[in-house]
Amino acid sequence: MSCQKKLQYLIHDNFIAYHHAHIDHFNVTGPHFNDYHSLLQEVYESLYSWFDKLSEQLRTMGEFVDGTIDLDKQCLIEPHDNGRTTSIILNRSSYNLEVLIKCGNALYKEAGKEGHGALETIVGDYLVDLNKLKWKVDSCLTNP
Ligand SMILES: [Fe+2]
């Protein structure tokens with residue numbers, strides 16, 4: 001699969017993970033509501049900003065962003081299951097970030113091998129953000 005195709009799939013998985021974090025930001029409850037509400041806002045704002053940056057990178061590589069992908073069937077991130085306990089929400093966030101990190105690492109390596117320097121750089125920056133977010137989310141889990 002080409003780097004462009006992998007980037008296309010990463011853009012869609014990133015968007016699904018963004019959507020989950022934004023939904024969970026609204027729905028989280030409990031005595032630590034403000035902490036988790038803010039943390040999930042940080043996650044969704046970061047993923048949303050990467051939707052734009054990754055998509056513009058794809059355009060600079062000569063490809064259009066595909067709006068026809070079936071998000072349920074062609075994304076690695078699982079559909080949202082409406083689970084709303086704090087534990088489910090934080091574990092979902094951690095898992096989604098893990099999936100994005102795995103896909104981002106694969107794309108980073110391939111971009112380096114194929115000499116796509118700009119893509120390698122932007123995905124490297126993306127991975128820095130993802131790893132920091134995952135560290136923050138995992139630090140809130142009792143059993144990460
Ligand atoms: Fe909000």
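Which residue just after H4 takes a positive phi? In this predicted model, local features were considered at pLDDT of at least 70 and side-chain atom pairs at pLDDT 80 or more, while totals for chains, interfaces and linings use all residues. Residues are numbered from 1 along each chain as its sequence is written. The residue in question is Gly 115, with a phi of about 75°.

The chain contains five helices and zero strands, where helices (H or I, at least four residues) and strands (E, at least two) are DSSP runs numbered from the N terminus. The order of elements from the N terminus is α-α-α-α-α. The C-alpha trace spans about 50 × 30 × 20 Å along its principal axes. For 144 residues, a compact globule would have a radius of gyration near 15 Å, and the value of 15 Å for the chain agrees with this; the radius is taken over C-alpha atoms, and the globule rule is 2.2 Å times the number of residues to the power 0.38. Of the 144 residues, 33% count as buried. A residue is termed buried if 20 or more other C-beta atoms lie within 10 Å of its own, exposed if 12 or fewer, and partly exposed in between, with C-beta atoms placed from the backbone. Among contacts (C-beta atoms, placed from the backbone, within 7 Å) between residues at least 6 apart in sequence, 77% join residues at least 24 apart.

Helix H4 comprises 28 residues (86-113) and should span 40 Å at 1.5 Å a residue; its end C-alpha atoms lie 41 Å apart, in agreement. The expected span is 1.5 Å times one less than the number of residues in the helix. The buried residues of H4 include Ile 89, Leu 90, Arg 92, Ser 93 and Asn 96, together with Leu 107 and Ala 111. Helix H1 (3-27), helix H2 (33-60) and helix H5 (117-140) are the elements against which the buried residues of H4 pack.

The loop between helix H3 (71-74) and H4 holds Asn 82. Most residues other than glycine have a negative phi. Asn 82, although not a glycine, has a positive phi of about 70°. Asn 82 counts as exposed because 8 other C-beta atoms lie within 10 Å.

Tyr 44, by contrast, is located in helix H2 and is buried, since 21 C-beta neighbours fall inside 10 Å. Apart from neighbours within four places in sequence, Tyr 44 contacts Tyr 18, Ala 21, His 22 and His 25. Tyr 44 and Glu 120 are 76 residues apart along the chain, and their C-alpha atoms are separated by 23 Å.

Terms used
Two residues are in contact if their C-beta atoms, placed from the backbone, lie within 7 Å.
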